[in-house]
Amino acid sequence: MANTEKTNTAPINEDTVRHVAKLARLDLSDAELARYTQDLTKILDLVEQLNGLDLNSIDLNLDAHSQTVYRPDETELPLNREQVFKNAPHEEDHCFRVPQILANPSSNKQSTEVTHA
């Protein structure tokens, strides 16, 4: 069954577009005013067509999450130390070694020495 209710939308005319442009602090030329009046009229006509669609056969309560499939939550053993450091460029005393990125507060130049993270 189609939606036969007619909505009472006010027609879009240049005065309406001019008023909205003023509220938005837009300075429209006469050509822009005419173009936006036509464009907005077309948009409202398309909305009216959508309002006439029969939506009774569509379940409007569906949402994107209702069809999400989750994988089972499976526990795994943690990585051992060898696996953790396998691809690390530098490791010392079971810690990652990374270049220092913050300047030493006691000097004005940035240090290039490698420190523990």
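Colleague: How many aromatic pairs does the structure hold?

Modeller: This is a predicted model, and the structure holds 1 aromatic pair. F85 and F96 form the pair, with 4.8 Å centre to centre.

Colleague: How are the planes of F85 and F96 arranged?

Modeller: Planes under 30 degrees apart count as stacked and those over 60 as edge-to-face, with the rest called tilted. For F85 and F96 the angle between the planes is 45 degrees, so the pair is tilted.

Colleague: Which parts of the chain does the pair link?

Modeller: The pair links distant parts of the chain. F85 belongs to helix α3 (residues 81-85), while F96 belongs to strand β2 (residues 95-99), and the two are 11 residues apart.

Colleague: Is F85 buried or exposed?

Modeller: Buried means under 20% relative accessible area. F85 has 15%, so F85 is buried. F96, with a relative accessible area of 38%, is partly exposed.

Colleague: Where is R25 found?

Modeller: R25 sits in the loop between α1 (14-23) and α2 (30-51). Its relative accessibility is 78%, so R25 counts as exposed.

Colleague: And what is the phi of D93?

Modeller: D93 has a positive phi of about 55 degrees, although D93 is not a glycine. D93 lies in the loop between β1 (91-92) and β2. With a relative accessible area of 59%, D93 is exposed.

Key:
Residues numbered from 1 in each chain as written. Predicted model: local features only at pLDDT ≥ 70, side-chain atom pairs only at ≥ 80, totals over all residues. Heavy atoms only, no water. Phe/Tyr/Trp six-rings, centres within 6.5 Å; stacked < 30°, edge-to-face > 60°. Helix = DSSP H or I, 4+ residues; strand = E, 2+ residues; numbered from the N terminus. Buried < 20%, exposed > 50% of the residue type's maximum accessible area, 1.4 Å probe, protein only.
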